[in-house]
Amino acid sequence: EGCPLWMLQQQMFSDPDMALSAARSLVHARLSHQREVLRKRCPGPSHAAIIEQIKQLADKTQNADSLERLNGLEGQGTKLYFSGLQKLVPDEYGFNGRNRRPPKDPFNSLLSLGYSILYAHVDSFIQISGLLPWQGVYHQGLGTHAALASDLMEPFRHLVERVALNMVCHYKLKPEDFTLDDAYGCRLSRSARKTYL
C-alpha cells in the first residue's frame, strides 16, 4: 500500500510547477505567522515597520519563480522577525538573535528544543500517513533528514515561538533554570524541561 503512494508522491513532487506552488504556500504561511506573532504582541508603532516589511515579503512569495527566490524571501523575513523578537525577550535572557548547534542562550535553547519536538511529531504523522519523509518540495533531504517534515512544520513553527515567548516574558522559566556548557550550549535543568514540556 505504501509503495504506490510513495511513487505518486515522488511523481507529484518531481513536477517543478507543483513543487514550487506547494513551497510558495509553505513560505507564505511561515511569513504570515511571523507577522501575526509580532502584531499581536506589539500593537504600537515600535514594530510597525518590521511587521509591514514581513507582510510585503509574504506577498512576494505568490510570484516567486524559483525555490531559491523563496528561500531568499524567507531568509529576509526570518531575519526581520528575530530582530523583532529580540525586542520582546527580557534582557536577562541574553537573546541577541537566532543561533543553534548549540544554542547559546535560554531563548534559543527553548526554540531548538521546541523545533526538535515539532519536527519529530510532524515526521511521525507523515510516516503514519504512509508518505515518504525524505521527499519534500522545499527543503532538500540529506542523509536521514526528513525533508517533508521540515516542509510541513514551517506553518507551525510560530507555535514553538509563542510558547517560548510566553515562558520568558512571564518568567515561567527564569535565567537560572538554564546552564551554559561549552560542548552542549545552553541547556534547561531537568525540572525546567518538565515545566516547558
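Helices (H or I, at least four residues) and strands (E, at least two) are DSSP runs, numbered from the N terminus. Axes are lines fitted to C-alpha atoms, for helices over the stretch in contact, and angles run from 0 to 180 degrees between N-to-C directions.

This is a predicted model, in which local features need pLDDT of at least 70, side-chain atom pairs count only at pLDDT 80 or more, and totals for chains, interfaces and linings use all residues. Residues are numbered from 1 along each chain as its sequence is written, and side-chain values use heavy atoms, with hydrogens and water left out.

**Exercise 1.** Describe how helices H5 and H7 meet.

Step 1. Helix H5 covers residues 106-128 and helix H7 covers residues 157-169. Their axes come within 9 Å and cross at roughly 145 degrees.

Step 2. Contact means heavy atoms within 4.5 Å. H5 contributes Phe107, Leu110, Leu111, Gly114, Tyr115 and Leu118, while H7 contributes Arg157, Val160, Glu161, Ala164, Leu165, Met167 and Val168.

Step 3. Sorted by class, the contact of H5 with H7 has 10 nonpolar, 1 polar and 2 charged residues. Here Ala, Val, Leu, Ile, Met, Phe, Trp, Tyr, Cys and Pro count as nonpolar, Asp, Glu, Lys and Arg as charged, and the others, Gly among them, as polar.

**Exercise 2.** Find where Lys60 and Thr61 lie, and whether each is buried or exposed.

Step 1. Lys60 is found in helix H3 (residues 48-60), and Thr61 lies in the loop between H3 and helix H4 (67-88).

Step 2. Buried means under 20% relative accessible area, exposed over 50%, partly exposed in between (1.4 Å probe, protein chains only). Lys60 has 44% relative accessibility and so counts as partly exposed. Thr61 has 0%, so Thr61 counts as buried.

Step 3. Leaving aside neighbours within four places in sequence, Lys60 is in contact with Arg69 and Leu73. With neighbours left aside in that way, Thr61 is in contact with Arg24, Val27, His28, Leu31, Leu70 and Leu73.

Step 4. Lys60 and Leu73 are 13 residues apart in sequence, and their C-alpha atoms are 7.8 Å apart in space.

**Exercise 3.** Summarise the protein chain as a whole.

Step 1. The protein chain has 8 helices and 2 strands, in the sequence pattern α-α-α-α-α-α-α-β-β-α.

Step 2. Its C-alpha trace spans about 50 × 40 × 25 Å along the principal axes.

Step 3. Of the 197 residues of the protein chain, 43% count as buried.
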